[in-house]
Protein chains: 2
Amino acid sequence: MIYEEKTMKSEKIYEGKILNLRIDTVELPDKKYSKREIVEHPGAVAIVPVTDDNCIILVKQFRKPVEKSLLEIPAGKLEINEEPRETANRELKEETGYVSNKMEYLFEFFTSPGFSNEKMHLFLATGLVEGDAVPESDEFIEVIKVNIDDLMKMIDRGEIVDSKTIVGIFMAKKYLSEK
Amino acid sequence: MIYEEKTMKSEKIYEGKILNLRIDTVELPDKKYSKREIVEHPGAVAIVPVTDDNCIILVKQFRKPVEKSLLEIPAGKLEINEEPRETANRELKEETGYVSNKMEYLFEFFTSPGFSNEKMHLFLATGLVEGDAVPESDEFIEVIKVNIDDLMKMIDRGEIVDSKTIVGIFMAKKYLSEK
């Protein structure tokens, strides 16, 4: 069974700095119409920086939508005309100060495909060399290094609550177990 | 270092069926102002249904935001006055037809905390009994049963591209390895 939802009408509601909102009227397989509220996002990269002593470099920052500081793997929006790998190297340096000698592409996924097209390109960064972070003007970030086994426990305890970070930790665990 | 972004102004842009959009003007730690585009979402549950023969029950459905049919674990929005566990039992039955004798709460996470407050409550469903699905009127869903080891390979090959589903598969793998 393969089907698509044909767009009958598309209405722009908002065009912003980070995201746009539009409403599509679609035709369903039974020929009835339905509405889809869609958040357009330019896409992003996330990086799992794994150190030689089995730790992950994380960043802690305040996230206004959830009114909380979250512990996350470094990440950032794709800029226009920027390859995901370039974004990954840039964001890793900006947010954590680390430079990676081996930036491996893992896979990509959608964070919330029910209402958004945000695509996350995931990279594994090893061969890390420490340096100074250079955050953007509206970013206030703390860099934290945590052992992978402790991170697995933190997921179970609900202390890591960001989807890309949970995926990244599981991938780091897999990488280390196969090394 | 703990800080918050204080809301100086909040502007409603859109109030919809599934989501709202608002723009907050916030004060940063250095007293400068910045804008945050925020998608409000009621929250959702996702269920990892694990069978006695080490398979996961997945659903395939067209996702308009990404213009593709995706293979996902069953999931659904929280309804008003509904406990997440109730939603989990309801959505599992509606989307797959299965009923679970053991619906275990795992943890909760944010799908995209950079721009949305969508919170996903994750459950592990075992003791499954097969039955008939009862999808909602605008849902067209195919139910697919896949072995957990095949799913791990599908993640590596980029064939599973939904964040909650990747998290769910890793949790199922962990559950089965500890059983």
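A residue counts as buried when its relative accessible area is under 20%. In this predicted model, B:L21 comes in at 1% relative accessibility, so it is a buried residue. B:L21 sits in strand β2 of chain B, which runs over residues 20–27. If neighbours within four places in sequence are set aside, the contacts of B:L21 fall in both chains. B:K64, by comparison, is 43 residues away from B:L21 in sequence, with 19 Å between the two C-alpha atoms.

Two copies of a chain are related by a rotation about an axis and a shift along it.

As for the interface itself, 65 residues of chain B touch 65 residues of chain A. The size of an interface is often given as the accessible area lost when the parts come together. For chain B and chain A the buried area is about 5,800 Å², and carbon and sulfur atoms give 64% of it. Polar links are there too: 24 residue pairs, both partners at pLDDT 80 or more, are in polar contact between chain B and chain A. The elements of chain B that each supply at least two residues to the side touching chain A are β1 (6–15), β2, β3 (33–40), β5 (55–63), β6 (68–72), β8 (99–110), α2 (148–156) and α3 (163–178). Sorted by type, the residues on that side of chain B are 32 nonpolar, twelve polar and 21 charged.

Salt bridges come next. Side chains of opposite charge can pair when their charged atoms come close. Across the interface of chain B and chain A there are two salt bridges. One that joins the two chains pairs B:K174 with A:D156, whose closest N and O atoms are 2.8 Å apart. Over all chains, the count of salt bridges comes to 40.

In chain A, the side chains of A:K173 and A:D149 meet at 2.8 Å, N to O. This pair ties helix α3 (residues 163–178), which holds A:K173, to helix α2 (residues 148–156), which holds A:D149, across 24 residues of sequence. A:K173 has a relative accessible area of 33%, so it is partly exposed, and A:D149, at 36%, is partly exposed as well.

In chain B, B:D53 and B:K145 form a salt bridge of 3.1 Å, N to O. B:D53 belongs to the loop between β4 (44–49) and β5, while B:K145 is in strand β10 (residues 142–147), 92 residues apart in the chain. Partly exposed is the class for B:D53, with a relative accessible area of 44%, and B:K145 is partly exposed with 44%.

Also in chain B, B:K119 pairs with B:E108, the closest N and O atoms lying 2.9 Å apart. Here two strands are linked: B:K119 is in β9 (residues 119–129) and B:E108 in β8, with the two residues eleven apart. The relative accessible area is 25% for B:K119, which makes it partly exposed, and 22% for B:E108, again partly exposed. Back in chain A, A:K12, A:R22, A:D24 and A:E40 are joined in a network of salt bridges.

Two further buried residues round out the picture. B:T87 is in helix α1 of chain B, residues 84–96, and with a relative accessible area of 0% it is buried. Beyond its neighbours within four places in sequence, B:T87 touches B:V45, B:G76, B:K77, B:L78 and B:E82. A:Q61 is in strand β5 of chain A, residues 55–63. With a relative accessible area of 9%, A:Q61 is buried too. Leaving out neighbours within four places in sequence, A:Q61 is in contact with A:K68, A:S69, A:L70, A:E72, A:F140 and A:I141.

Methods. Residues are numbered from 1 along each chain as its sequence is written. Chains are lettered from A and ligands numbered from 1 in the order in which they are written. This is a predicted model: local features need pLDDT of at least 70, side-chain atom pairs count only at pLDDT 80 or more; totals for chains, interfaces and linings use all residues. Side-chain values use heavy atoms; hydrogens and water are left out. Helices (H or I, at least four residues) and strands (E, at least two) are DSSP runs, numbered from the N terminus. Buried means under 20% relative accessible area, exposed over 50%, partly exposed in between (1.4 Å probe, protein chains only). Contact means heavy atoms within 4.5 Å. Buried area is the accessible area (1.4 Å probe) that two parts lose on being put together, summed over both. A salt bridge is a side-chain nitrogen of Lys or Arg within 4 Å of a carboxyl oxygen of Asp or Glu. A polar contact is a pair of N or O atoms within 3.5 Å; within protein, one must be able to donate a hydrogen and the other to accept it, and residues adjacent in sequence count only if both atoms are side-chain atoms. Ala, Val, Leu, Ile, Met, Phe, Trp, Tyr, Cys and Pro count as nonpolar, Asp, Glu, Lys and Arg as charged, and the others, Gly among them, as polar.
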